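Welcome! Let's take a friendly walk through a protein model, one region at a time. Keep the 3D view open as you read.

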Amino acid sequence: MAPDTTTPRFTYLALGDSYTIGEDVPEEQRYPVQTVTLLADSGITIDGPRIIARTGWTTDELEAAIRAEEVRDTFSVVTLLIGVNNQYRGRSVQEYKVEFTRLLKQAIQFAGGHSDRVVVLSIPDWSRVPFAEGRNRQEIAEDIDAFNTANKAIARKYKVHYLDITADSRKADHDITLVAGDGLHYSGKEMAIWAGKLAAIFRNILH
């Protein structure tokens, strides 16, 4: 009998908000979609990502959406990027810690209980984009740092991968091509940077 040489197919669930759904960028430029494309180019086949994300969502709204979706499947890899709207609405880091922890535990369940198949992405810093003009940019940046300190500690506790994309997002203040047309979200060019780093993590997970 000939050996089975069928290339394994993997699945990917992306949880988040506007950054995950790719507000103001074409679908193919969303970072989850770009990640899948990059992996396909290197011989790793992932089905088109399932995305549960919407612009404006906070942690509790993402939780509610996940419940409403009634997801029964498990996935080869799962990403979680959430929190900028908690910061924008002035919600507390303490509340975020509680809700983010629940979301991360849910993400691990979606990965079949494998924490090493989950990646948390840090929250980008929107203080560097044109939309922040006239606002207290330093305060925004400090808030984002506080939320990221929290999600990084929780990620470490649950032994998931952590991808810091905040530093990359801060380059937008001197490169407008990293910003989408709305002046608030990030362009496909910026998301390509995130996708390149995420694809490298996925390759190690799925090799």
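## An aromatic pair

Phenylalanine 131 is partly exposed, with a relative accessible area of 32%. Here buried stands for under 20% relative accessible area, exposed for over 50%, and partly exposed for anything in between, using a 1.4 Å probe and protein chains only. Tryptophan 126, by contrast, is buried at 4%.

These two residues bring us to aromatic pairs: rings of Phe, Tyr and Trp (its six-membered ring) pair if their centres lie within 6.5 Å, and planes under 30 degrees apart are stacked, over 60 edge-to-face, and the rest tilted. By this rule the count is nine aromatic pairs. In one of them, the ring centres of tryptophan 126 and phenylalanine 131 are 6.0 Å apart with planes at 55 degrees, so the pair is tilted. Elsewhere, Tyr19, Tyr31, Tyr186 and Trp194 form one aromatic cluster.

## About the model

This is a predicted model, in which local features need pLDDT of at least 70 and side-chain atom pairs count only at pLDDT 80 or more, while totals for chains, interfaces and linings use all residues. Residues are numbered from 1 along each chain as its sequence is written, and side-chain values use heavy atoms, with hydrogens and water left out.

## The largest pocket

Which residues line the largest pocket? They are Ser18, Tyr19, Thr55, Gly56, Val84, Asn85, Tyr88, Trp126, Phe131, Leu184 and His185. The elements giving two or more residues to this lining are α1 (18-21) and α4 (84-88), and α4 gives the most, with three. Helices (H or I, at least four residues) and strands (E, at least two) are DSSP runs, numbered from the N terminus.

The pocket holds about 180 Å³ of space. On a 1 Å grid over the protein atoms alone, where a 1.4 Å probe fits, a pocket is an open set of points with protein on both sides within 12 Å along at least five of seven lines, and lining residues have an atom within 4 Å of a point. Grid points are joined across faces, edges and corners, and the volume is the space filled by probe spheres set on the points.

Why is strand β5 (residues 77-81) largely enclosed by the rest of the structure? Five of its five residues are buried, so the strand is largely enclosed. Val77, Thr79 and Leu81 are on one side, and Val78 and Leu80 are on the other.

## Loops worth a look

Threonine 58 lies in the loop between β4 (50-53) and α3 (59-69) and is buried, with a relative accessible area of 0%. Its side chain makes a polar contact of 2.5 Å with that of aspartate 60; such a contact is a pair of N or O atoms within 3.5 Å, where within protein one must be able to donate a hydrogen and the other to accept it, and residues adjacent in sequence count only if both atoms are side-chain atoms.

Most residues other than glycine have a negative phi. Aspartate 24, in the loop between α1 and α2, has a positive phi near 70 degrees and is partly exposed at 44%. Glutamate 70, in the loop between α3 and β5, has a positive phi near 50 degrees and counts as exposed at 51%.
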